[in-house]
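This briefing is for a reader who is new to the structure. Please look at the model first, then go through the points by topic.

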Amino acid sequence: MNAATRAKTYADVGTTPGIIALTPDESKVYVANFGSDNVSVVDTGTFTVSTTITVGTDPTGVAVTPDGASAYVANSGNNTVSVIDTATNAVTATIARWASTRSAWPSPRTGRRCW
């Protein structure tokens, strides 16, 4: 929403969008799309989807590290966490979990640990 005019702008993201995460420089928003097993990357300057990234099954949460270098996506359908390099918007790792995965939160100071 434009704070000055209160005009709403919508981006055409994937199916059943849920949790979103804003990069520290506020240039991109990462949207976890539960129904389409992907993450939409929205350019905040144009409110358009710049890319769509395939992740694990049923992504339910997304968080960006404090330095903006990575995004972590919690995939509840296959209990994994996808790690996205925000410079390239590519999945660089998939971390297997042993229990239900609903969200991913990098530590606020360093981003080196994910909870």
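Where does Asp58 lie? Asp58 lies in the loop between strand 4 and strand 5. Strands (E, at least two residues) and helices (H or I, at least four) are DSSP runs, numbered from the N terminus.

This is a predicted model, in which local features need pLDDT of at least 70, side-chain atom pairs count only at pLDDT 80 or more, and totals for chains, interfaces and linings use all residues. Residues are numbered from 1 along each chain as its sequence is written, and side-chain values use heavy atoms, with hydrogens and water left out.

**The chain as a whole**

- The protein chain has zero helices and eight strands, and its pattern along the sequence is β-β-β-β-β-β-β-β.
- The average pLDDT (the predictor's confidence in each residue, from 0 to 100) of the protein chain is 86, and 82% of the residues score at least 70.
- Where pLDDT is low, the predicted coordinates should not be read in detail.
- Of the 115 residues, 36% count as buried; buried means under 20% relative accessible area, exposed means over 50%, and partly exposed lies in between (1.4 Å probe, protein chains only).
- The protein chain has an accessible surface of about 6600 Å², and carbon and sulfur atoms account for 52% of this; such areas come from the Shrake-Rupley method with a 1.4 Å probe, and for residues only the protein chains shown count as cover.
- Taking contacts (heavy atoms within 4.5 Å) between residues at least 6 apart in sequence, 32% join residues at least 24 apart.

- Four strands make an open sheet in the order 1-2-3-4, and their pairing is antiparallel; two strands pair if DSSP finds at least two bridges between them.
- Strand 1 (17-22) and strand 4 (48-54) are the edge strands, each pairing on one side only.
- From one strand to the next, the twist averages 25°; axes are lines fitted to C-alpha atoms, for helices over the stretch in contact, and angles run from 0 to 180 degrees between N-to-C directions.
- Strand 2 (residues 28-33) and strand 3 run antiparallel and are joined by six bridges.
- Opposite Asn33 stands Asn38, in strand 3.

- Another open sheet has four antiparallel strands in the order 5-6-7-8.
- Strand 5 and strand 8 (90-96) are at the edges with a single partner strand each, so one side of each has no neighbour in the sheet.
- The average twist from one strand to the next is 20°.
- Strand 5 is largely enclosed by the rest of the structure, because five of its six residues are buried.
- Five bridges connect strand 5 with strand 6, and the two run antiparallel; Val64 stands opposite Ala71 in strand 6.
- The hairpin of strand 5 and strand 6 has five residues between the strands, and in this hairpin Gly68 takes a positive phi near 80°.
- Strand 6 is joined to strand 7 (residues 80-85) by six bridges in an antiparallel arrangement, and Ala74 has Val81 in strand 7 as its bridge partner.

**Two buried residues in strands**

- Ser40 is in strand 3 (residues 38-43), and it is buried because its relative accessible area is 2%.
- A polar atom of the Ser40 side chain lies 3.4 Å from the backbone nitrogen of Gly14.
- Not counting residues up to four places away in sequence, Ser40 touches Val13, Gly14, Val29, Tyr30, Val31, Asn33, Val49, Thr51 and Thr52.
- Asn75 belongs to strand 6 (residues 70-75) and counts as buried because its relative accessibility is 0%.
- Asn75 and Asp37 are 38 residues apart along the chain, and their C-alpha atoms are separated by 8.3 Å.

- Most residues other than glycine have a negative phi.
- Asp37 is not a glycine, yet its phi is positive, about 55°.
- Asp37 lies in the loop between strand 2 and strand 3 and is partly exposed, with a relative accessible area of 27%.
- Asp58 is a residue other than glycine with a positive phi, near 55°.
- At 23% relative accessibility, Asp58 is partly exposed.

Notes. Polar contact = N/O pair within 3.5 Å; in protein donor to acceptor, adjacent residues only side chain to side chain.
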